[in-house]
Amino acid sequence: MKRTLIVGNWKMNLNTHEASLLVKRLNDKIQVHRDVEVVLAPSLLTLQPISLEIDRRKFRLAAQNAYYKDEGAYTGEVSFTMLRDLVNYVIIGHSERRIYFEESLELIRDKVQAAVRNGITPILCVGETQNQRAAGETSRVVHDQVVTALSNLTAEEVEGIVIAYEPVWAISTFGGQVAKPDDMEKVLKLIRHQITELYGDKAAASVRLIYGGSVKGDTASGYLALEDCDGLLPGSASLNYHQFPDIVAAAYRQTRGAGDEEKSNG
Ligand code: PEP
């Protein structure tokens, strides 16, 4: 059975002290559950200290980015090879990196391949912009992003990865545009269908598809109830020590029903 995946993307927020404080607060509120995997994605700077502080039964770590070359003269970059003992996951192709740092489809493909080569699970983010959506291009955009990013992987490698559908128009729009769960299900289904066509039934059944876009504690269960949704990738809400545990709690309820968490906090 696939474990539900909840990944908190802290983006470029929290210094070492603040990050440590948030981990302590999350640790108090989040319990171990065998069917839910909780992943924190702090900044690169705080990954190392956080790795020494987390309760590994409760939390795993993700980097928000890495460079595809293993080593060499690439000033300012950190490689997947350097990260492999520190993290289980790396977020790749987040729309903020595609837009602000002009990451191309090919660069993202190379990063996905480098992650897999180094034994780190890629969380590949895909999604259309508002204009692309209005022009009816969602399927084509998501198709191109998925096909190119996975093109150097085998079917067996695809089985282990995570794809996050994050419509750009739905990211950080609290109080603004809301992504309706039923509309999100259509795109998640489309992605799973694409994986079936390209890599077969086994890869499509195993790959984890998660949703991200302004998810909060009170909206999480609507997305988690979707047939093709295997988890969530909250950004802003993951910085809030009430909201993030609420999202994790929604995942607990979704997987088994409330009340059977393996208590670890007494
Ligand atoms: C994200 O950063 O991937 C994200 C979905 O952010 P937010 O939850 O703030 O929309």
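Me: What's the distance from a ligand oxygen to an N or O atom in the Glu166 side chain?
Reply: In this predicted model, that pair sits 2.7 Å apart.

Me: And which backbones have a polar atom facing a ligand oxygen at a listed distance?
Reply: Ser172 has a polar backbone atom 2.6 Å from an oxygen of the ligand. For Gly235, a polar backbone atom is 2.7 Å from a ligand oxygen.

Me: How much of the ligand does the protein bury?
Reply: The protein buries 100% of the 300 Å² that the ligand exposes when taken alone. The ligand also takes up the space of the largest cavity.

Me: Ok, which residues come nearest to the ligand?
Reply: Lys11, Glu166, Ser172, Gly235 and Ser236, out of 14 residues around it.

Me: How does that shell divide by residue type?
Reply: There are 8 polar, 4 nonpolar and 2 charged residues in the shell.

Me: Switching topic, what's the mean pLDDT of the chain?
Reply: The mean is 94, with 96% of the residues at 70 or more. Over residues 258–266, though, pLDDT is below 50. That stretch still has 18 contacts in the model beyond near neighbours in sequence.

Me: What should not be read in detail?
Reply: The predicted coordinates wherever pLDDT is low.

Definitions and conventions: Residues numbered from 1 in each chain as written. Predicted model: local features only at pLDDT ≥ 70, side-chain atom pairs only at ≥ 80, totals over all residues. Heavy atoms only, no water. Near = heavy atom within 4 Å. Polar contact = N/O pair within 3.5 Å; in protein donor to acceptor, adjacent residues only side chain to side chain. Areas by Shrake-Rupley, 256 points an atom, 1.4 Å probe, with all protein chains shown as cover. 1 Å grid on protein atoms, 1.4 Å probe; cavity = no way out; pocket = protein on both sides within 12 Å on 5 of 7 lines; lining within 4 Å. Sits in = over half its atoms within 2 Å of the grid points. Nonpolar A, V, L, I, M, F, W, Y, C, P; charged D, E, K, R; others polar. pLDDT = per-residue confidence, 0-100. Contact = heavy atoms within 4.5 Å.
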